[in-house]
Amino acid sequence: MARKRDDAALQLPLPDERQVTAFLQAHPDFLVRHPDLLLSLSPPSRWAEDDGVLDMQVFMIDRLRDEVERVRGAAETLIHTSRSNMSIQTRTHRAVLSILGADTMAELVEAVSDDLPALLDVDVATLCFEKSEEALPELLAPGILTLPVGTVAQIMGGADRDCALTEEMPGDPALFGDGAGLVQSSAVVRLSPGGRSPEGAMALGSRHGRTFHAGQATELITFLARVVEGSVRRFVG
């Protein structure tokens with residue numbers, strides 16, 4: 001029975017012009033309380049259509065209406081971008097706290113591989129270091145991947161670059177190990193701890209092909225890598 005009443009309500013006739021006029025006369029502040037309705041109304045012309053005179057006021061109002069819609073769309077985009085940036089910044093701060101909480105190299109690797117994917121909304125996160133001439137037991141911790149010497153510079157595309165982004169590209173097993181099959185876009189950030197530690201990289205991979213892409217801002221990712229870099233320096237020396 002409730003369904004029949006709902007269907008009947010949907011079929012109620014719309015109010016006629018006299019009813020609309022009467023309502024507006026009874027509520028003279030209606031359009032003040034609902035200004036958006038003005039954008040959907042057609043303004044009256046100052047001349048009759050058969051006078052052969054174009055009313056530029058109508059065209060100007062239409063143009064202003066389009067401009068209002070454009071500005072509104074730009075404002076909504078700005079609000080969405082600001083909220084997204086704030087969310088990313090908050091997640092990065094949480095990731096930093098997780099990394100700083102590590103007391104050993106093994107705990108650092110665990111923080112990167114286990115905590116960062118959930119905190120940064122990615123699927124795989126790894127630490128990689130190039131082979132070292134000196135035996136470094138700290139860099140043999142489970143989960144650390146070993147790269148041939150010169151790999152990091154090759155990935156970065158030059159000594160002056162610290163981050164490489166790829167989109168719509170399968171993950172490299174050298175960087176992501178067994179998780180490479182999940183990766184369709186990635187961010188690889190250089191790690192240069194100095195001291196006894198060789199060059200390395202932090203690799204973040206996502207199953208979505210556009211999570212990372214060319215032209216994307218990398219300041220937060222690079223900052224996170226600097227925090228990881230400082231932790232490696234504490235443990236390797």
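1. **Basis.** The model is a predicted one, in which local features need pLDDT of at least 70 and side-chain atom pairs count only at pLDDT 80 or more, while totals for chains, interfaces and linings use all residues. Residues are numbered from 1 along each chain as its sequence is written, and side-chain values use heavy atoms, with hydrogens and water left out.

2. **Strand S4 and its partners.** Helices (H or I, at least four residues) and strands (E, at least two) are DSSP runs numbered from the N terminus, and two strands are said to pair if DSSP finds at least two bridges between them. Strand S4 (185-191) runs antiparallel to S3, to which four bridges join it, and Ala164 stands opposite Val188 in S4. S4 also pairs with S5 in the antiparallel sense, over seven bridges, and here Arg190 stands opposite Ala201 in S5.

3. **Burial in S4.** Seven of the seven residues of S4 are buried, where buried means under 20% relative accessible area, exposed means over 50%, and partly exposed lies in between (1.4 Å probe, protein chains only). In a regular strand the side chains alternate between the two faces of the sheet. Ser185, Ala187, Val189 and Leu191 point one way from S4, whereas Ser186, Val188 and Arg190 point the other way.

4. **The salt bridge of Arg190.** A salt bridge is taken as a side-chain nitrogen of Lys or Arg within 4 Å of a carboxyl oxygen of Asp or Glu, and the structure holds ten of them. In one of these, the side chains of Arg190 and Glu199 meet at 3.1 Å, N to O. Arg190 counts as buried because its relative accessibility is 7%, while Glu199, at 26%, counts as partly exposed.

5. **A salt bridge between loops.** Arg196 forms a salt bridge with Glu138, with the closest N and O atoms 3.5 Å apart. This pair links distant parts of the chain, since Arg196 lies in the loop between S4 and S5 and Glu138 in the loop between S1 and S2, 58 residues apart. Arg196 is partly exposed, with a relative accessible area of 33%, and Glu138 also counts as partly exposed, at 24%. Glu134 joins Glu138 and Arg196 in a network of salt bridges.

6. **Helix H8.** Helix H8 (219-236) has 18 residues and reaches 25 Å from its first C-alpha to its last, close to the 26 Å expected at 1.5 Å a residue; the expected span is 1.5 Å times one less than the number of residues. Its buried residues include Ile221, Leu224, Val228, Glu229 and Phe235. Within H8, Arg233 and Glu229 lie four residues apart, about one turn of the helix, and their side chains meet in a salt bridge at 3.8 Å, N to O. Glu229 is buried, with a relative accessible area of 8%, whereas Arg233 is partly exposed, at 40%.

7. **The largest pocket.** A pocket, on a 1 Å grid over the protein atoms alone, is an open set of points where a 1.4 Å probe fits, with protein on both sides within 12 Å along at least five of seven lines, and lining residues have an atom within 4 Å of a point. About 600 Å³ of space lies in the largest pocket. Its lining comprises 22 residues, of which Ile88, Arg91, Phe212, Gln216 and Ile221 lie nearest the centre. Helix H4 (56-100), strand S5 (200-206) and helix H8 each supply at least two lining residues, and H4 gives the most, with five.

8. **The second largest pocket.** The second largest pocket has a volume of about 150 Å³, and among the residues that line it are Phe129, Glu134, Leu139, Ile144 and Pro198. S1 and strand S2 (144-147) each supply at least two residues of this lining.

9. **Two residues with positive phi.** Which loop holds Asp121? Asp121 lies in the loop between helix H5 (105-120) and strand S1 (124-130), and has a positive phi of about 60° although it is not a glycine; at 55% relative accessibility, Asp121 counts as exposed. Glu168, placed in the loop between strand S3 (163-166) and helix H7 (173-176), has a positive phi near 50° and is likewise a residue other than glycine. Glu168 is exposed, with a relative accessible area of 54%.

How values were computed
Grid points are joined across faces, edges and corners, and a volume is the space filled by probe spheres set on the points.
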